[in-house]
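Let's take a walk through this model, one stop at a time. Have the sequence and the 3D view open as you read.

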Amino acid sequence: MSGATGAARVDEWLLHKGDWLRDFRRDLHAHPELSWREQRTTKIVFEALSAAGLHPRKLSTTGLVCDLGPSTGERVALRADMDALPIHEATGLDFQSGNPGVSHACGHDAHTTILLGTALALAEADAAGELPVGVRLIFQPAEEVMPGGALSAVRDHVMDGVSRIYALHCDPRIEVGRIGVRSGAITSAADHVEVILHSPGGHTSRPHLTSDLIYGMGTVITGLPGVLSRRVDPRSGTIMVWGAANGGSAPNAIPQIGALHGTVRTGEHHIWATLEPVVRDIIDGLISPLRIKYEVNYTRGVPPVINEEHATAILTAAALAVSPDAVTDTPQSGGGEDFSWYLEEAPGAMARLGVWSGEGRQYDLHQPDFVLDERALEMGVRVFTNVVFGSAE
């Protein structure tokens, strides 16, 4: 089946199902579920796929996977994440979250809806024997927590036999109808650092008789980011930022315990592999002269998403087939994205899906009033289906 014929079939499907697609997304939006708790989302996606004659398989946690098309030869995987964030929604939408303190402030409801729409459109082509390659649909849980639900999905063998894998992610900085593409790194690795410091405590008038824990915390707060920037190639985009510092309650008492929490990010895979021992060495050098006991809990998060050149070319062509001006450049993000774990198994690419209406305020992800232009749903379905048909050309 040619790409042109496939696009015509998808156009016909969207003509009749576009409203249904929007309503499905709104239902997901009104019923957000946190990471590893996506039971309802998994259930209704499972039912929609089954009703279309497909045969989805639930993963060992939440989420599901579904194959269609030829069982031999190349197999293209398409991935969507399903979980919401622990953020109270403040959009005022008629269909805003009915789950207090939880919302789809990152657009995963749109990602899930787009992949489901793609599945249902491709199912019609599959029933007619027109799919040029095998397709695997991955509805993944828990992208929003480290190290990400993608690792669990990989352990459930979702990447077995996959030739290439693709994903789209909402971007409120890009206008609807456009796709941001980039070959190479498009996101960064993201690790968590926790430093727990211990002191006998004492009076602030006699710091020489004890270990000055607050001073030690300040030394690490300022010293680790600074020294790290001198130990790692600055061209790598490596950055260390603290998000929380807790210790003490009285102005005249040196506390006995304090804690620091932060993230280390880098755009280079080879640097990410070596960051933990470097961070530990720097912390030890900063604290050792102060006679403060400490422990470091370093949690490796996700590697950077590195878009493979050929997969990026297929994704670019898929967007251009929708519109000749659909493609725009996009910078590398400092954020982490667990799609990178799939790329440890097979080449692939992620693109940014424009969801800004083109008028008024540009929202940001993870904000309580984040909204998206629902025209992006049909754009996403068109791009994903074009990826499938373009993979055989």
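Start at A321, which sits in the loop between α8 (309–320) and β15 (327–329); helices here are DSSP runs of H or I with at least four residues, strands are runs of E with at least two, and both are numbered from the N terminus. A321 is exposed, with a relative accessible area of 58%. For that scale, buried means under 20% relative accessible area, exposed means over 50%, and partly exposed is in between, using a 1.4 Å probe and protein chains only. Now look for H208: A321 and H208 are 113 residues apart in sequence, and their C-alpha atoms are 71 Å apart in space.

A word on ground rules. Residues are numbered from 1 along each chain as its sequence is written, and side-chain values use heavy atoms, with hydrogens and water left out. This is a predicted model, in which local features need pLDDT of at least 70 and side-chain atom pairs count only at pLDDT 80 or more, while totals for chains, interfaces and linings use all residues.

Zoom out to the whole chain. The secondary structure comes to 10 helices and 16 strands, and the C-alpha trace spans about 80 × 45 × 40 Å along its principal axes. Of the 393 residues, 52% count as buried. Among contacts between residues at least 6 apart in sequence, 80% join residues at least 24 apart, where contact means heavy atoms within 4.5 Å.

Where do the annotated residues lie? The UniProt annotation "binding site", from an unreviewed entry, covers C106, H108, E144, H169 and H366; UniProt positions are given in the numbering used here, feature names are shortened, and annotations may be inferred rather than shown by experiment. These residues span 261 residues in sequence, yet no two of their C-alpha atoms are more than 13.1 Å apart, so they gather at one spot. Of this set, C106, E144, H169 and H366 belong to the lining of the largest pocket.

H108 is in helix α3 (residues 108–127) and is buried, with a relative accessible area of 0%. Setting aside neighbours within four places in sequence, H108 is in contact with D81, M82, D83, E143, E144 and H169. H366 is in the loop between β16 (348–356) and α10 (375–390) and is partly exposed at 39% relative accessible area. Not counting residues up to four places away in sequence, H366 touches L85, I87, A105, C106 and E144.

About 590 Å³ of space lies in the largest pocket, and of its 27 lining residues, the closest to the centre are C106, G335, G336, L365 and H366. On a 1 Å grid over the protein atoms alone, a pocket is an open set of points with protein on both sides within 12 Å along at least five of seven lines, a cavity is a set where a 1.4 Å probe fits but cannot get out, and lining residues have an atom within 4 Å of a point. Grid points are joined across faces, edges and corners, and a volume is the space filled by probe spheres set on the points. Strands β5 (164–175), β8 (189–198), β12 (257–266) and β16 each supply at least two lining residues, with the largest share, five residues, coming from β5. By class, the pocket lining has 10 nonpolar, eight polar and nine charged residues. Here Ala, Val, Leu, Ile, Met, Phe, Trp, Tyr, Cys and Pro count as nonpolar, Asp, Glu, Lys and Arg as charged, and the others, Gly among them, as polar.

How many cavities of 30 Å³ or more does a search of the whole structure find? The answer is one, and the largest cavity has a volume of about 30 Å³. Its lining consists of H29, E89, T91, S103, H104, A105, Q367, P368 and F370, which divide into three nonpolar, five polar and one charged.

Finish with some backbone details. A142 lies in the loop between β4 and α4, and has a positive phi of about 60° although it is not a glycine; A142 is buried, at 0% relative accessible area. H157, in the loop between α4 and β5, also is not a glycine and has a positive phi of about 70°.
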